[in-house]
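Work through the exercises below with the sequence and the 3D view at hand. Try each task before reading its solution.

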Amino acid sequence: MAEKIILTADLYDNAVTERKGDYTAKPRITGTVRNKQIAERILARGSELRLDTIEYILGMGDQEKVTAIAEGKSVVDGVGQYMATITGPFEGEKAAFDPAKNKLTASYVPAKLLRDTLKNVEIDTRPAVTGPVINSIIDSTTGEMNTQLTSAAPVVISGSNIKVAGDDAGIGVFFTKAGGTAQKSPLLVHNNPSELTVMLPALEDGEYTLSIVTQSAAGNKLVKEPRTYTFPVLLYVGEKPGGGGEDDRPVIE
């Protein structure tokens, strides 16, 4: 019998409608799972392979899938179907690809295994604690959304109730490197309930989480205790984290 999966969803007042009692739901993201954690899950279910061997095979699979997508193949696995797409305008039938106007990216469609699994997930809805919610972060230097950050450069953060306000010493916008300490943004350029423009501190290359700590609440009111919201999407500075080089490969026995 398949293991029962329960997903918690927080209910927020729908700000785009005036109808009383209209709410939207956001799944509560409780962590990030990478190939190492997937390998640990596979090992826990039972496998004759070593943990590092499983992780290495998963990494090899990722690389081959990425290469196939870049070659123009449609890649289908248990999670979804992936294929390359191009965005942006082209002037004329012989127009060349212009990186300034066009972007090569990828599309994703959930696969049957994922769709069937989601159908059987039990949703536990709960009233959300009214506080800051981050929807997106855009790097003003590169235009990238929810991915790459530029050290010591401005970013635009969108959300609700995210205005940084209050007299508590711990309020602010923070970027925390994996395994490190939180670094506070040194400057708030714009500070509004739905949008912030902040300067990043000098950040080393690596992965970061974004957090906002504020006493601001709806209606420009202040609450007694600071509230924290941590954006569930991992961000990075420098090269995008990926697989290691040849020296990182484990020996397959």
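The model is predicted: local features need pLDDT of at least 70, side-chain atom pairs count only at pLDDT 80 or more, and totals for chains, interfaces and linings use all residues. Residues are numbered from 1 along each chain as its sequence is written, and side-chain values use heavy atoms, with hydrogens and water left out.

**Exercise 1.** Count the helices and strands of the protein, and find what share of its residues is buried.

*Solution.* Helices (H or I, at least four residues) and strands (E, at least two) are DSSP runs, numbered from the N terminus. The protein has 3 helices and 16 strands. Buried means under 20% relative accessible area, exposed over 50%, partly exposed in between (1.4 Å probe, protein chains only). Of the 253 residues, 27% are buried.

**Exercise 2.** Check the length of helix H2 (residues 51–70), then find what covers its buried residues.

*Solution.* The expected span is 1.5 Å times one less than the number of residues. Next, list the buried residues of H2: Thr 53, Ile 54, Tyr 56, Ala 68 and Ile 69. Their cover includes helix H1 (35–45), strand S3 (75–76) and strand S4 (80–87). Just after H2, Gly 72 has a positive phi of about 95°.

Key:
Contact means heavy atoms within 4.5 Å.
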